[in-house]
Amino acid sequence: MKYMKVYINEIFTSIEGEGIYLGTKTLFIRFAGCPLKCFWCDTPYALSLSDGKEYEIEEAKKLIDKNIMTNTFKVNLTGGEPLLQYKAVYEIAKHLKSKGLTTYLESSCYDANRFDYILPWIDICKIEFKTNNSNAVRKENYEKLVNENLQCLEDALSNKKITYIKIVISNKDNPKDIKIILDKIFKRVDEEMIYGFVLQPAYGVEPSMKQMLEIYDEVYKYYRGVRIIPQIQKVMNIP
Ligand code: SF4
């Protein structure tokens with residue numbers, strides 16, 4: 001473990017701009033690298049491992065410690081896709097927990113085994129489902145991706161983590177695409193088990209108001225607490 005490497009793109013404190021913890025003071029650790037290919041990706045500068053600076057794991061922990069500010073509500077382990085470097089994320093999440101911090105995993109949940117590996121050190125899970133139109137994976141691999149997402153969702157819930165769902169919606173999406181995901185989710189979990197369901201308009205390729213409301217109405221049939229929440233950091237022009 002001592003000589004494990006980790007590739008980190010950036011570490012900074014800001015206001016959480018997405019999801020159900022919007023507005024909280026958050027330390028972001030952006031891990032480099034992602035195997036997916038969402039066409040609307042908002043972190044194109046962190047998709048390759050080489051977009052990160054290489055650290056030895058103990059060195060990364062010290063750097064993170066130096067960046068922790070008072071009254072930090074949570075530490076957001078994000079990317080890129082944090083599951084790509086899951087062993088390093090495990091070490092860092094465990095370290096954060098030893099300091100009494102709240103850990104939040106922001107992942108596209110593309111691999112349930114990797115997700116389960118990290119899960120013991122995570123307090124809050126954002127489970128992201130991709131629409132088929134996101135182009136996150138090739139069409140023939142889409143069903144497998146959704147199944148991995150579903151497994152991560154079930155595992156987070158059965159381990160009693162604070163868990164919510166997010167789907168990024170673009171101008172290519174429609175209620176039919178979302179319904180396919182919704183049927184699968186709510187066949188496996190009860191509405192009361194999840195802490196929220198966020199539809200996030202993809203920055204720069206937002207759906208029209210008509211599309212957004214139609215998609216909202218579809219989700220509302222399954223989950224009345226659905227919210228459409230844009231990325232506040234984009235609106236405020238902050239990191
Ligand atoms: S999963 Fe996240 S980091 Fe990877 S391509 Fe999609 S939006 Fe970008």
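These exercises work through helices and loop residues of the structure above.

The model is predicted: local features need pLDDT of at least 70, side-chain atom pairs count only at pLDDT 80 or more, and totals for chains, interfaces and linings use all residues. Residues are numbered from 1 along each chain as its sequence is written.

**Exercise 1. Check the span of helix 2, then place its buried residues.**

Step 1. Helices (H or I, at least four residues) and strands (E, at least two) are DSSP runs, numbered from the N terminus. Helix 2 covers residues 86-98, which is 13 residues.

Step 2. The expected span of a helix is 1.5 Å times one less than its number of residues. For helix 2 that gives 18 Å. The end C-alpha atoms are 18 Å apart, so the two values agree.

Step 3. A residue is buried if 20 or more other C-beta atoms lie within 10 Å of its own, exposed if 12 or fewer, and partly exposed in between; C-beta atoms are placed from the backbone. The buried residues of helix 2 are Tyr86, Ala88, Val89, Glu91, Ile92, Ala93 and Leu96.

Step 4. Contact needs C-beta atoms, placed from the backbone, within 7 Å. The packing partners of these buried residues include strand 1 (5-15), helix 1 (57-67) and strand 5 (103-107).

Step 5. Look just past the helix. Gly100 there has a positive phi of about 80 degrees.

**Exercise 2. Describe how helix 4 and helix 5 cross.**

Step 1. Two packed helices are described by the angle between their axes and the distance between the axes. Axes are lines fitted to C-alpha atoms, for helices over the stretch in contact, and angles run from 0 to 180 degrees between N-to-C directions.

Step 2. The axes of helix 4 and helix 5 come within 11 Å and cross at roughly 30 degrees.

Step 3. Angles under 35 degrees count as roughly parallel, over 145 as roughly antiparallel, 65 to 115 as roughly perpendicular and the rest as oblique. Helix 4 and helix 5 are therefore roughly parallel to each other.

Step 4. List the contact. Val146, Leu150, Leu153 and Glu154 in helix 4 meet Ile181, Lys184, Ile185 and Arg188 in helix 5. By class, that contact has five nonpolar, no polar and three charged residues. Ala, Val, Leu, Ile, Met, Phe, Trp, Tyr, Cys and Pro count as nonpolar, Asp, Glu, Lys and Arg as charged, and the others, Gly among them, as polar.

**Exercise 3. Where does Asn71 lie, and is Asn71 buried or exposed?**

Step 1. Asn71 sits in the loop between helix 1 and strand 4.

Step 2. Asn71 has 6 C-beta neighbours inside 10 Å, so Asn71 counts as exposed.

Step 3. Its phi is near 60 degrees, a positive value in a residue other than glycine.

**Exercise 4. Which residues does the cis peptide bond join?**

Step 1. The bond joins Gly79 and Gly80, with omega about 15 degrees.

Step 2. Gly80 is in the loop between strand 4 and helix 2.

Note on methods:
Contact = placed C-beta atoms within 7 Å.
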